[in-house]
Amino acid sequence: MKFSGHETFQVREGWLHKGMQLISEEPEKMGNELVADYLGVGRNMARSIKHWLVATELAKPIQDASGRKLSSMQFTDFGKQVWAYDPYFLELGTWWMLHINLVNNSKVSTSWSWFFNNFRRPRFDRAVCLEGLRRYISTARRKVPSSSTLDRDLGCLLASYARTIPASPVDPEDGADSPFRELGLLTFYKSSGYYQVNQVAKFIAPSIFGYSLSKAFSEFTLKRKSIDILIGEAARKRGGPGSVFCLSAESLFEVVSQIESGKQKDITISGMAGERVIRARCYSTIEWTELFYQAVSKDLYVT
């Protein structure tokens, strides 16, 4: 479990591009004490950028011959794809995949994994959310970090996703808004102090939906043509589409129905013994990512 590393900074516009550009051109500088100068940000922000690159699975530390992690970094296979197709992080689908990786990365982004997989309250205030996180850690028989540590981590999570109503005046030079807010998963109402999770059906690109399935279900590693998954199971599965897209079983069915009506036929829905079943092509996450960027290049759907 980890509740630090981001230095309380949510991901900002352009940060991931800055980090990946440095890794692409001069990877050894990511481990240099002057890395903040190379990135053009403050020291805490530089540490935050490195954290987010690892947490979203875009990059990883380089290891020496003995397996010891070094401070320099290199792209993951997923990171190589993003850098090749969307280096400026302009596609919403890219942010969906980064979000899916965060929710499935419980070792590095524990609060993210807990919030989207375990909390599941449609309406809440920050105090209730914080207490839920503390109880979860305690139940897992782990040493519970200080309340201030958990509160900072939770605050970073909520600030990353929540759109505030009414909106606050924003300085265009500030750049503090997180692109994850564009996913439309969370709303914060100033007047009541409550957060609302958006559980309605959303537009999800077929290959992004497939990516979420492949990330959550180990069956996708098997050499099969397709996989059948019950709608209810897809809605409940840790790290699956119900969790990462904040969907109920009914809204999940609506999303898959929209996908099935499109041009791509890698994901369909059918009935089996009286239950609704998602049938998906047995692609790896890397293959789903490739399919997504190919579809974007051909304008097969709006993202």
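**Aromatic pairs and ring contacts**

Thr-110 lies in helix H6, which spans residues 110-119. The model is predicted. Thr-110 is buried, because its relative accessibility is 3% and the cut-off for burial is under 20%. The side chain of Thr-110 makes a contact with the backbone oxygen of Ser-106 at 2.7 Å.

Aromatic rings were examined next. The structure contains 21 aromatic pairs. In the pair of Phe-119 and Phe-124, the ring centres are 5.1 Å apart and the planes meet at 85 degrees, so the geometry is edge-to-face. The cut-off for that class is over 60 degrees. Phe-119 and Phe-124 are both buried.

The pair of Phe-188 and Tyr-195 has its ring centres 4.6 Å apart. The planes of Phe-188 and Tyr-195 stand at 35 degrees, so this pair is tilted. Tyr-195 has a relative accessible area of 9% and is therefore buried.

The charged end of Arg-123 is placed over the ring of Tyr-194, at 4.5 Å from the ring centre. The charged end of Arg-276 is placed over the ring of Phe-253, at 4.1 Å from the ring centre.

Key: Residues are numbered from 1 along each chain as its sequence is written. This is a predicted model: local features need pLDDT of at least 70, side-chain atom pairs count only at pLDDT 80 or more; totals for chains, interfaces and linings use all residues. Side-chain values use heavy atoms; hydrogens and water are left out. Rings of Phe, Tyr and Trp (its six-membered ring) pair if their centres lie within 6.5 Å; planes under 30 degrees apart count as stacked, over 60 as edge-to-face and the rest as tilted. Buried means under 20% relative accessible area, exposed over 50%, partly exposed in between (1.4 Å probe, protein chains only). A charge sits over a ring if NZ of Lys or CZ of Arg is within 6 Å of the ring centre and within 35 degrees of the ring normal. Helices (H or I, at least four residues) and strands (E, at least two) are DSSP runs, numbered from the N terminus. A polar contact is a pair of N or O atoms within 3.5 Å; within protein, one must be able to donate a hydrogen and the other to accept it, and residues adjacent in sequence count only if both atoms are side-chain atoms.
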